[in-house]
Amino acid sequence: MFNKGSNVTIMTFEGASNGRTLGTLGLSQETRLLKSLPSIETVSVPLPRAKLPVSRHEAENEESESKALKYIKSVLESKMKDKPVAAIVVEPIQNRGNYFATFNFYKNLRKLAKSYGSYFIINETHTGCGATGKFWASDLWGAKDPGDFLVFGKKCQVAGYFTKVENRPSQSYELADSWNDVGWRLLQLGAIQTAIVKRKLLPRTSDAGAYLRVELEKIAESRKFIANVRGQGTFIGFDIVRRSNENVKLSLIHICRCRRYAVCRSRWSPYH
């Protein structure tokens, strides 16, 4: 089932995880669920995954991102004829797999979206609230005008979005749900923000994340059962090298031991 009444398209990236409600499922790569649900009109484009460390792969990253931007531009051009791209939705770091492009890619993508009149929506549902060493992961881009909408939830205790004045709904209750009175949730978020600033948790998160990445890279180099360590702050991912069942078993044992040291972990596989 597809929503054929829409005359616009939303652009997302392959591997995206933008939500599991009826609307956002169409912006996610949840193939199994989408088979039985109506979906909005979307187009998915490849994400040029950054080769790390970025400082050693500048030329390769620049080449792959240039190709990706050219392809995205061609999609925007072709869609202008029938169903123009109303918005481009990006995750600063993809929740499924912790993949991301370089900061320059997102800044150039923002410019491209603006030139075609497409809204640029930053999904910080997973990356917001300081896990990357910045309160918003998109702050790492260093862009003066990062996007038109910034969506947040989960760790922030309350879901919502920031936007510009010109995008504000013209009438009250134009956006409404059963839980509009969430003042106490905002108080929770305010207390969290105060604690983050007072205890200087953002720089501490950056330092802890840098240490963890270095140690994981040492394991990747010496033990060979993990590879491609990546991420920002404590929002870190890596691949398990599938050389043998014993190798995978050993990797999972070490990952489970992370819980002893208050390291929260989750699993994602392209085979699920």
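Buried residues here have under 20% relative accessible area, exposed ones over 50%, and partly exposed ones fall in between (1.4 Å probe, protein chains only). Helices (H or I, at least four residues) and strands (E, at least two) are DSSP runs, numbered from the N terminus. What you're looking at is a predicted model, in which local features need pLDDT of at least 70, side-chain atom pairs count only at pLDDT 80 or more, and totals for chains, interfaces and linings use all residues. Residues are numbered from 1 along each chain as its sequence is written, and side-chain values use heavy atoms, with hydrogens and water left out.

View 1. H6 covers residues 201-222, and its 22 residues reach 31 Å from first C-alpha to last, close to the expected 32 Å (1.5 Å times one less than the number of residues). Look for Thr 205, Gly 209, Leu 216 and Ala 220, the buried residues of H6. They sit on the same side of the helix because they cover an arc of only 45° around its axis (taken from the directions from the axis to the C-beta atoms). That buried set packs against strands E7 (226-232) and E8 (235-240), with contact meaning heavy atoms within 4.5 Å. Turned away from the buried side is a face with the exposed residues Arg 204, Asp 207, Tyr 211, Glu 221 and Ser 222. Just past the helix, Lys 224 has a positive phi of about 70°.

**View 2. Strand E4 and its neighbours.** Of the 5 residues in E4 (residues 119-123), 4 are buried, so the strand is largely enclosed by the rest of the structure. E4 pairs in parallel with E3 (residues 85-90) over 4 bridges, and with E5 (residues 149-152), also parallel, through 3 bridges; pairing takes at least two DSSP bridges. Together, E3, helix H4 (residues 103-115) and E4 form a right-handed β-α-β unit (with the strands pointing away from the viewer, the path from the first strand over the helix to the second runs clockwise).

View 3. Most residues other than glycine have a negative phi, and most peptide bonds are trans. Leu 52 and Pro 53, though, are joined by a cis peptide bond, with omega about -10°. Pro 53 is in the loop between E2 (42-45) and H3 (58-79). Cys 129, not a glycine, has a positive phi of about 75°; it belongs to the loop between E4 and E5 and is buried at 11% relative accessible area.
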